[in-house]
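Let's take a walk through a protein together, one piece at a time.

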Amino acid sequence: MDDRTYTADAEPGDTVTVAGWVHEIRDLGGIAFIIIRDTTGKIQVKFEKDEMDDDLVETGLNAHRESVVAVTGDVEDEERAPTGVEIVPDSLDVIAEADPELPLDPSGKVDAELPTRLDNRTLDLRKPEVKAIFEIRAAALEAVRDAFRDLGCTEINTPKIVATGTEGGTELFPITYFGQEAFMNQSPQLFKQLMVGSGLERVFEIGPIFRAEEHNTPRHLNEATSIDFESAFYDHREAMDACETIVKAAYEGVAENCQDQLEALDMTEEFEVPDGDFPRLTYEEALEKINATGELDEVLVWGDDLSTEAEHVLGDEVGEHYFITDWPSEIKPFYIKDHDDDAEVSTGFDMMHPSMELVSGGQREHRYDKLVDGFEQQGLDPEAFEYYTKMFKYGMPPHAGWGLGGERLIMTMLGLGNIREAVLFPRDRQRLSP
Ligand code: AMO
């Protein structure tokens with residue numbers, strides 16, 4: 001439609017054709033209104049029954065809610081109209097009639113449960129506060145990509161069908177690959193590491209990761225979006241600096257470009273770009289802080305992983321984004337490097353929002369012999385990973401990096417109660433379509 005005008009651009013004095021959805025019909029007797037909605041907003045169309053062609057009035061008022069229509073007419077000032085202007089129509093075409101029975105109400109007057117919303121995402125995203133989440137998600141990812149480029153990274157895309165897992169065998173989705181066993185990739189971990197040894201040196205990837213997690217929680221998905229970073233000649237501290245830069249850039253991008261969307265979510269007041277350096281606590285300090293609160297049933301000791309409850313207790317204590325560093329080597333994966341002066345302590349780190357973990361990372365083991373030992377210690381067969389380990393024989397620089405959960409970033413940024421709110425079509429134990 002070459003001659004279409006967005007509702008937000010319709011100015012008094014113009015003759016326009018607007019196209020969109022019938023948001024509401026109000027028939028007051030002698031006068032009636034249709035509210036048309038498009039991606040930029042809404043506009044009122046006025047029908048004065050005595051002064052207009054009967055067919056036009058009838059077509060307009062008989063259109064079902066959510067039908068797609070095009071209206072041509074003059075735009076006039078009208079201070080009683082919701083946007084201060086209205087269209088006096090010359091013609092109205094019903095382009096795609098909607099069924100009168102809708103599975104959910106896009107006007108938001110009737111609430112729908114999350115499963116109903118997810119089953120009908122097209123209608124759900126007609127609500128400004130739902131659409132806003134995905135516009136914010138897009139703006140955050142755009143800002144993240146720009147910030148990665150400013151750090152000198154090259155964007156890469158790595159395979160999602162792979163021969164081996166990296167993040168624990170029980171979380172793998174097996175598939176059949178021409179009669180051979182294969183898996184959906186849990187993380188671009190090994191591929192991004194292989195690229196720091198290539199001519200690229202510093203890379204990032206934003207792509208899907210697949211985790212066959214059995215548990216159904218408000219912060220786990222079976223298909224998530226991972227924002228991955230890896231750089232040659234970086235140690236874990238420099239990787240943490242980059243992580244902080246990227247997370248802040250995402251917030252800044254949203255603050256700069258998404259004020260309307262924040263308003264739709266009623267968040268303009270509370271949205272804050274994190275400032276200052278994120279505190280860096282060692283794992284030992286974290287345990288001490290948690291134990292000192294006395295809020296957990298048991299006392300945490302060296303080697304324990306942090307439960308969701310422990311993360312919450314600590315998050316309440318710290319109250320802002322923070323890192324946990326120097327984790328016990330035994331609970332970090334084989335590719336994380338141990339400290340040179342203490343093999344019990346790793347360079348692995350997590351970056352936390354007060355409510356949950358957002359990032360895991362660390363410096364990587366780049367020495368061939370140590371890397372192969374690490375596989376054996378974790379009960380993995382180094383031969384299955386030969387495509388990876390052998391490149392460590394041909395000049396692999398020291399390197400570090402991390403993976404940031406894209407949906408958790410958006411969930412925590414917007415205070416969403418369920419991670420599924422930040423995914424168009426979530427994959428979880430119950431949900432394989434749409
Ligand atoms: P990890 O397994 O901790 O580390 O994942 C990194 C981040 O990805 C997000 N994430 C998830 N989000 C939603 N649902 C899930 N099932 C899920 N699993 C992970 C989290 C998590 O902090 N290879 C390492 C990263 C690295 O060292 O570079 C890795 O995958 O926000």
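Before we set off, one term: a polar contact is a pair of N or O atoms within 3.5 Å, and inside a protein one of the two must be able to donate a hydrogen while the other can accept it. Keep in mind, too, that what you're looking at is a predicted model.

The side chains of Ser-231 and Arg-202 are joined by a polar contact of 2.9 Å. Where does Ser-231 sit? You'll find Ser-231 in strand S11, which covers residues 223-232. Is Ser-231 buried or exposed? Buried means under 20% relative accessible area, and Ser-231 counts as buried because its relative accessibility is 0%.

Next stop: the ligand. It has 22 residues around it, and the ones that come nearest are Gln-189, Lys-192, Glu-357, Ser-360 and Arg-364. Let's look at a few of the atoms involved. A polar side-chain atom of Glu-357 is 2.5 Å from an oxygen atom of the ligand. In the side chain of Glu-213, an N or O atom is 2.9 Å from a nitrogen atom of the ligand. Gly-403 uses its backbone instead: an N or O atom there lies 3.3 Å from a ligand oxygen. How much of the ligand does the protein bury? Taken alone, the ligand exposes 630 Å², and the protein buries 93% of that.

Which elements supply this shell? Helix H5 (189-196), strand S17 (356-363) and strand S18 (399-405) each give two or more residues, and S17 gives the most, with five. Sorted by class, the shell has seven nonpolar, seven polar and eight charged residues.

Finally, zoom out. The domain assignment gives domain 1 (7-96) and domain 2 (122-279 + 320-422). Taken over C-alpha atoms, the centres of domain 1 and domain 2 are 48 Å apart.

Terms used. Residues numbered from 1 in each chain as written. Predicted model: local features only at pLDDT ≥ 70, side-chain atom pairs only at ≥ 80, totals over all residues. Heavy atoms only, no water. Domains from an automatic or database assignment. Near = heavy atom within 4 Å. Areas by Shrake-Rupley, 256 points an atom, 1.4 Å probe, with all protein chains shown as cover. Helix = DSSP H or I, 4+ residues; strand = E, 2+ residues; numbered from the N terminus. Nonpolar A, V, L, I, M, F, W, Y, C, P; charged D, E, K, R; others polar. Buried < 20%, exposed > 50% of the residue type's maximum accessible area, 1.4 Å probe, protein only.
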